[in-house]
Amino acid sequence: MMAPTTDSAGNTEDAAAARASLETLRTEIAKAVVGQDPAVTGLVVALLCRGHVLLEGVPGVAKTLLVRALASALELDTKRVQFTPDLMPSDVTGSLVYDTRTAEFSFQPGPVFTNLLLADEINRTPPKTQSSLLEAMEERQVTVDGTPRPLPDPFLVAATQNPVEYEGTYPLPEAQLDRFLLKLTIPLPSREDEIDVLTRHASGFDPRDLHAAGVRPVAGPADLEAARAAVAETTVSAEITAYVVDICRATRQSPSLTLGVSPRGATALLAAARAWAWLTGRDYVTPDDVKALALPALRHRVQLRPEAEMEGVTADSVINSVLAQVPVPR
């Protein structure tokens, strides 16, 4: 067997260092956020796949703090936009501003020009403003007055929505939901975790001061770039590809759904499983990787029939049923 070339050996070392750095993210973010390891992993997977994340949880479960802590630990720029009914598309993307000194229009970038954009309560703004993010999420650019302007890399939209309060909201259309790589549910903390949260606050923890909480940069854009290159080399067998396709096709035949998973959803599931396989230390994807990412990658891409919803059926239960029925490759 031939020895690796200097370049391939260097790439392997870079990938190993990147994985080690990303593994320490959980420990670093845990200094500010208690008990949200799955959400941290989901956000890292999205960054590796150049995808976006929809965070769903009741108010007060640290969705905003989670994104801010992730940005701090990765040394990335982050901005937050509070989506409201009167928010205009230009408030997100930016606009042309007339400069009286030069008698010319100049472009004033909006908050979307960042690495991690926190779109808070995205379902509280009308579809016109929601759609202003579509080009940014899909094309990674913003077009104003006919001129495309590229966004920074990495770029991730972490949008939040409240699952229990729907008065005055505008549900995201299927076309926009499909642009999110993952939908992560942020649960209420366990009793032990909630005690830990209160103990920290009683000891002087300030969620607005992450530096004082001890959150330090443990990785950066170079680590993400090396990690992405390694993920692209992760092997996907023909059996795994067929397994992903069979899962997605089975959702389209489910009697509980009016809308199954699209081919874009199948691509998203495969990409997420690939990133997860690499994060766990393997250079190949297994059926368990696909199962581990099936819920977050698919739950927002299906639409329940009204009668099934009235009977208590959920998107998660349908996907779990599909996973139980589709034959697993050996």
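In what order do the five strands of the open sheet lie, and is their pairing parallel or antiparallel? In this predicted model, the order across the sheet is β2-β5-β8-β1-β9, and the pairing is parallel. The points below take the sheet and then helix α4, which packs on the sheet.

**The sheet**
- The edge strands are β2, covering residues 78–82, and β9, covering residues 182–185, and each of them pairs on one side only.
- From one strand to the next, the twist averages 20°.
- Strand β1, made up of residues 53–56, runs parallel to β9 and is joined to β9 by four bridges, with Val53 standing opposite Leu182 of β9.

**How helix α4 lies on the sheet**
- Helix α4, residues 63–74, touches β1, β2, β5 (116–120) and β8 (156–161), and the direction of α4 makes about 175° with that of β5.
- The twelve residues of α4 should span 16 Å at 1.5 Å a residue, and because the end C-alpha atoms of α4 are 17 Å apart, the model agrees with that expectation.

- Helix α4 is mostly covered, since nine of its twelve residues are buried, where buried means under 20% relative accessible area.
- The buried residues of α4 are Lys63, Leu65, Leu66, Val67, Ala69, Leu70, Ala71, Ala73 and Leu74.
- As a general point, an α-helix has 3.6 residues a turn, so residues three or four places apart point the same way.
- After α4 comes Glu75, which has a positive phi, near 55°.

How values were computed:
Residues are numbered from 1 along each chain as its sequence is written. This is a predicted model: local features need pLDDT of at least 70, side-chain atom pairs count only at pLDDT 80 or more; totals for chains, interfaces and linings use all residues. Side-chain values use heavy atoms; hydrogens and water are left out. Two strands pair if DSSP finds at least two bridges between them. Helices (H or I, at least four residues) and strands (E, at least two) are DSSP runs, numbered from the N terminus. Axes are lines fitted to C-alpha atoms, for helices over the stretch in contact, and angles run from 0 to 180 degrees between N-to-C directions. Contact means heavy atoms within 4.5 Å. The expected span of a helix is 1.5 Å times one less than its number of residues. Buried means under 20% relative accessible area, exposed over 50%, partly exposed in between (1.4 Å probe, protein chains only).
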